[in-house]
Amino acid sequence: MGKRTGFFSSLLPLAGFCAVYLVLLFTLQSQYYQLMLILVSVWAVMGISWNVLSGYSGLISFGHAAFFGLGAFTVVLGQIYFGITPWIGIPLAGVVGAVAGILVGLPTFRLRGHYFALAMLAYPLALLYVFEWLGYQEVAIPMERENPVAWMQFSDQRIYGMIGLGLLIIAIIVSRLIETSRFGMSLLAIKQNELAAEAAGIETRKWKLRAIAVSGAIAGTIGGFYAIVLLVITPDTVFGMLTSAQALIVTLFGGVGTVWGPIIGAAVLIPLAETLHAEVGHLLHGIQGVVYGVAIIIIILVAPEGLMWKVRDIMQARRAAGEPPAEIAVAEVVANPGPLPDRPNAMSGRIMLEVRNLSKSFGGLRAVQDVSFTVPEGAVIGIIGPNGAGKTTLFNLLNGFQTPNQGEIIFEGESLVGLTPSGVCKRGIGRTFQVARPFKRLSILDNVLIGAYVGAATDDIALKHAREALALVGLDKNADRLAGGLTSMEQRLMELARALAGKPKMLFLDETLAGLGGVEVNEMITVIRRLSETGVTIVIIEHTMQAMLRLADHFIVLDHGALLTEGKPREVVRQDAVIEAYLGKRWRNRA
Amino acid sequence: MLEIRNLHAAYGGVTALDHVSLTVEKGQFVSIVGPNGAGKTTLFKVIAGTVPAQSGTISFEGKDLLSTSAFERAHLGIAHIPEGRQVFPNMSVLENLEMGAFTDAGQKQWNENLDFIYGLFPILKERAEQMAGTLSGGQQQMVAIARGIASSPKLIMLDEPSMGLAPAVADSIFEAIVEIRRQKNLTVLLVEQRAMEALESCERGYVLETGRVVLEGTPTELLSDDRVRQAYLGA
């Protein structure tokens, strides 16, 4: 995606696929095999629809039949009651699907994980009974003998095949556009870590609603086309469990989160199931169901992410075997950056962040109690304190992950209390996470790009910001490497670059040094200092005290949720109260 | 009783334990102190079996622990009382204790253990039917410790029992640990950030810093060594 060629590079296989499809369509004389090709296009599009929501964003839907069925009934009922031709009815079905998507998404996105998946199951089931209750047990499309072409009625099935292919091409292009833009990147970020995505400035709710609208539109459209192909629909065929399952199965089989996955899945599974049904269906009733079941089991065992990823991994491994391992060039190695040169003016900048009487309780536990402090522009502030002192809670309050019970957080004259994490990020505060969670399938550059969208009007500016951030942490020479093989040090640097790419004025670092070796700690200190010199204000939580002493201009010490003391690092660590907080209250009077 | 040799462990490439060796003799009270992030909790998790070791050995009463699965280790007589208490919040206090008594020894000695627990923490008897999640932090810590005792262990491992507790409450928890050991003749392995409290009640102490044992010795030796303070505060 970093490369602008991402979108066009997929056109070649698309052209190849179309050629094969058309050749088959026109060489296979049997109507039966032609129908099978049409069905491949239908289920491939349905798989793409499912993939746009569930594959990219990770919100698994068991209810895509709702959109599919609404689309099918829109076309059929539109023709029966309002005389709307399917040429208009099918696009209309797409609109109905999109609206249904938004209506379903608004309440259902309150749920997460398997709760979301199960709630989605309810929509097609409810609709199935509603349509049966309305008396649409079986609805046929009326035959139009006057001008069949105007009503999308053809005696030659191959024309349906071409329409199906056309819809598939549209779906592929839509899916590809999503994948190569900030839309797709935002969904991927949500899939990986919704909280981190919020912190990177991504309004997760907005993007999820967009995804379900697009997904619903695709499903509604293809549902409408399916009704035309079948001529007769029943609530059970379009809203039934098998419809939702088939969308999911073709995608899981072919490869989740890829454009080609659903197509590969449909091209393999639909003919296989249909052929078996035709050949041995009279002996083994329900053989298709068995095929889908077995396909899922094999995929789970052999290629849990789908065929597409498996093949890609094998090819990558083969390519990598031929090449020498990429040498990572980290910024100039500094043996020991020594203590921070005394910066007498570090704490005299303009007040950027002001925290006043901040409190947060969980039940009876007062995690943060009446904490007040200020952060001047350009300073490096260390928040320290023993385990359980409330450092992480304080961080979460400042970043909008939790709402304080009391108190004020003023950043650049504006209150941050009540803002979402993405809202906090948009105002110029970036953060890193203690546990780095890179998107392993993406390049380093793309990983950083996700954080760049918040401060960038266009995707090109975002790309520029991402490259600048990589240069700042010294990862620019490795921008195209996949993030999967990074060392923990490189992951931390990448995480740092992601936070920087949003052009924050202030940066919160959560244990950036934890678990790093001595040389790595020195490198990281060098990088963080370089950031500080570019003018970013830094607030850091860190346990590695030696490192903190060399890094921070000022310490804020928490104990039992309250501010214990603050001041110059070297003075603070010699204070009795601090020693007692860390080592126990009787340490001074020992032995 | 417990012997750890050259233990190495890492999370996703980040080294958490680097060639850690330590010995706990039968009936001994051993404390491991050190600042946050030193690897204390990881060490406990490796002993309990919830985090795998990269290399090194752990033997418990001569048995190789690393080739024993986590749930079997509980049956060998190791009770792990995890950091942050981890009670079952929607179970009553008594049900929490019953969950601890899943081992054979715990089943056999259930009545005896329950009497002991109620003698030690009378408040738990009063609150036996209350949901554990509604107790105060100190009381939840008592439940967590009592749950460990209910398994009739030979070795009890406590991970930061004082974490997040007010000093007075933490003191009473430490007193209870000393009392348990005296009456039950248990072997105790304690991980603590509060060096003073942990070292003054133990027989042998280890100081862990960034995954390595930097100091070990008797409490008197350690308490008079300023390097302990440096391990925490850097300078």
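Axes are lines fitted to C-alpha atoms, for helices over the stretch in contact, and angles run from 0 to 180 degrees between N-to-C directions. By that convention, helices H3 (residues 65-82) and H4 (residues 86-108) of chain A pack at about 140 degrees, with their axes 8 Å apart. This is a predicted model: local features need pLDDT of at least 70, side-chain atom pairs count only at pLDDT 80 or more, and totals for chains, interfaces and linings use all residues. Residues are numbered from 1 along each chain as its sequence is written, while chains are lettered from A and ligands numbered from 1 in the order in which they are written.

**Confidence**
- The predictor gives the complex an ipTM of 0.70 and a pTM of 0.76.
- Chain B has a mean pLDDT of 88, and 99% of its residues reach 70 or more. Here pLDDT is the predictor's confidence in each residue, from 0 to 100.

**Chain A overall**
- Chain A holds 23 helices and 12 strands. Helices (H or I, at least four residues) and strands (E, at least two) are DSSP runs, numbered from the N terminus.
- The C-alpha trace of chain A spans about 100 × 55 × 45 Å along its principal axes.
- Of the 591 residues in chain A, 50% are buried. A residue is buried if 20 or more other C-beta atoms lie within 10 Å of its own, exposed if 12 or fewer, and partly exposed in between, with C-beta atoms placed from the backbone.
- Take the contacts in chain A between residues at least 6 apart in sequence: 74% join residues at least 24 apart. Contact means that the C-beta atoms of two residues, placed from the backbone, lie within 7 Å.

**Helix pair in chain A**
- H3(A) and H4(A) cross in the right-handed sense. A crossing is left-handed if the near helix is turned anticlockwise from the far one by less than a right angle, and right-handed if clockwise.
- From H3(A), the meeting residues include A:Leu70, A:Gly71 and A:Val75. From H4(A), they include A:Ile90, A:Ala93 and A:Gly97.
- The residues of this contact divide into 11 nonpolar, 7 polar and no charged. Ala, Val, Leu, Ile, Met, Phe, Trp, Tyr, Cys and Pro count as nonpolar, Asp, Glu, Lys and Arg as charged, and the others, Gly among them, as polar.

**Open sheet in chain A**
- Six strands form an open sheet in the order S8-S9-S10-S5-S11-S12 (chain A), with mixed pairing.
- S8 (429-431) and S12 (562-567) of chain A are the edge strands; each has a single partner strand, so one side of each lacks a neighbour in the sheet.
- The twist averages 20 degrees from one strand to the next.
- S8(A) runs parallel to S9 (residues 506-510) of chain A, joined by 3 bridges. A:Arg431 has A:Phe508 in S9(A) as its bridge partner. Strands pair if DSSP finds at least two bridges between them.

**Strand S3 of chain B**
- S3 (residues 29-33) of chain B is mostly covered, with 5 of its 5 residues buried.
- B:Phe29, B:Ser31 and B:Val33 point one way, and B:Val30 and B:Ile32 the other.
- S3(B) pairs in the parallel sense with S8 (residues 187-192) of chain B over 5 bridges, and with S9 (residues 204-209) of chain B over 4 bridges.
- B:Ile32 stands opposite B:Val191 in S8(B) and opposite B:Tyr206 in S9(B).

**Interface**
- The contact takes 29 residues from chain B and 26 residues from chain A.
- On the chain B side, S2 (14-24), H9 (195-201), H10 (219-223) and H11 (226-233) each supply at least two residues.
- That side of chain B divides into 12 nonpolar, 13 polar and 4 charged residues.
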